[in-house]
Amino acid sequence: MAMASLARKKALYFSSNLCKSSSSSFKYSFSVSRGFASGSASDENDVVIIGGGPGGYVAAIKAAQLGLKTTCIEKRGALGGTCLNVGCIPSKALLHSSHMYHEAKHAFANHGVKVSNVEVDLPAMLGQKDKAVSNLTRGIEGLFKKNKVTYVKGYGKLISPSEVSVETIEGENTVVKGKNIIIATGSDVKPLPGITIDEKKIVSSTGALSLSEIPKKLVVIGAGYIGLELGSVWGRLGSEVTVVEFASDIVPSMDGEIRKQFQRSLEKQKMKFMLKTKVVGVDTSGEGVKLTLEPSAGGDQTTLEADVVLVSAGRAPFTAGLGLDEIGVEMDKMGRIPVNERFGTNVPGVFAIGDVIPGPMLAHKAEEDGVACVEYIAGKVGHVDYDLVPGVCYTHPEVASIGKTEEQVKTMGVEYRVGKFPFMANSRAKAIDNAEGLVKIIAEKESDKILGVHIMSPNAGELIHEAVLALQYGASSEDIARTCHAHPTMSEALKEAAMATYDKAIHI
């Protein structure tokens, strides 16, 4: 099945969606200004955005590029939100630095590079992380200036559908007016009952990014992406890491076959797992932390001691204290804001994007929300396909996925084929002595249309995007298999897996 031309598919897509948007039951009147935002934030804006994270700041820049007078309000005083300041970026900095240390200590000799007395300079490592964060936050401020976005530093609260009261970080109060208000306040750490986070002995992901010393024993509560990534950081630096998970599996959203191989890989790195286990008591009266555990289904209790405990049980939308109840914005029992296809809430002129609405809590998803939302506000057509948002766990090896898992396809009742290719048979991976993992492709049997792609390998987060594009345009496994890939590259493993899906791979 050959892939249709991208231009023709885009034309068909925009044509159909313009028809859909014209029949929408949600009606708004929009005023589009052709000048960039300037002057005081108290003047009426076309768009006011509460929150300067990936969703908010991207929406602000896009709105300004579309000619809308735009103001962005951010309480942190530094743009980029959780992702840039205490999430995605600093964690990836530490993942890279800790991996370099681990390679120097355990792998360099295999490549003929001999080093002795390799040591961790933790303050320097944390300093490099902080420098990366600082440079990137300043970069976003520069983009705001370039695009003439007004930036207000302070805590914003809605006092009407067109007004936001802001307590500035200087202690003053101002009111920002806007024809359209976008809630982009992101999410916060989800607390666990009976466990108080002090960011010293018991830390959230924020505290785990800035530990003053390497803990001898680290317990991670929660076997999701964040917990496994931060557990990997400190495990590489010398901590004894134990992961406690209530469920029967790590990362439940991951394809089952990939998940099993991933867990084995982490166990080889000396990460321990206690699955089907819950924390029922915490004692911080001593020098460290003593946890009381029991099976998730109930049973005999045991204790587990640690120097530091990382609580990584997920995140919750940040919607409290924003004045949403006062102006009548509806929220569900989880604190999320339901929106229509244009990201509009039940209150006309008030929109919501990112982690505060249903869907995956991912920075790149929030960015897509932000762009689509302001495109609608500007009278254009926006779109986000939530079935095609890639997920990546940035451990080593990385795990990246797009589309359906094999378990989901079975539930759908669709006849399918699976093609797999191990990196042990990939020449580039063998050449660099980094060949752990595989590519797995799931395709509909009759049409050969790709339904899901799952990759476990070094840099899987980079390799996955060929698959994302393929699914976006309804490609078949044969489309990928018949596309020339440069040799030698890790990407050839995706081609070989595609060949194995519709026919046979060459190199295995």
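Residues count from 1 along each chain as its sequence is written, and side-chain values use heavy atoms, leaving out hydrogens and water. Because the model is predicted, local features need pLDDT of at least 70 and side-chain atom pairs count only at pLDDT 80 or more, while totals for chains, interfaces and linings use all residues.

Let us start with helix α5, residues 122–147. (Helices are DSSP runs of H or I with at least four residues, strands are runs of E with at least two, and both are numbered from the N terminus.) Helix α5 has 26 residues and reaches 38 Å from its first C-alpha to its last, close to the 38 Å expected; that expected span is 1.5 Å times one less than the number of residues. Just after α5, K148 takes a positive phi of about 60°.

Some residues of α5 are buried, among them L126, K129 and V133. Here buried means under 20% relative accessible area, exposed over 50%, and partly exposed in between, with a 1.4 Å probe and protein chains only. The buried residues of α5 pack against several elements, including α4 (88–106) and α7 (225–236).

Now look at α4 beside α5. The two helices pack at an angle of about 145°, with their axes 9 Å apart. (Axes are lines fitted to C-alpha atoms, for helices over the stretch in contact, and angles run from 0 to 180 degrees between N-to-C directions.) In this contact, meaning heavy atoms within 4.5 Å, I89, P90, A93, L94, S97 and S98 in α4 meet M125, L126, Q128, K129, V133 and L136 in α5.

L209 leads us onward, in the loop between α6 and β8. L209 is buried, with a relative accessible area of 4%. Its contacts beyond four places in sequence include P90, L94, L126 and K129. L209 and P90 are 119 residues apart in sequence, yet their C-alpha atoms are 7.1 Å apart in space.

S205 sits in helix α6, residues 205–208, and is buried too, at 11%. Among the residues touched by S205 is L230, which L209 also touches.

Finally, find the open sheet, with five strands in the order β7-β14-β8-β9-β10 and parallel pairing. Strands pair if DSSP finds at least two bridges between them. β7 and β10 stand at the edges with a single partner strand each, so one side of each has no neighbour in the sheet. Three bridges join β9 to β10, and V244 stands opposite M274 in β10.
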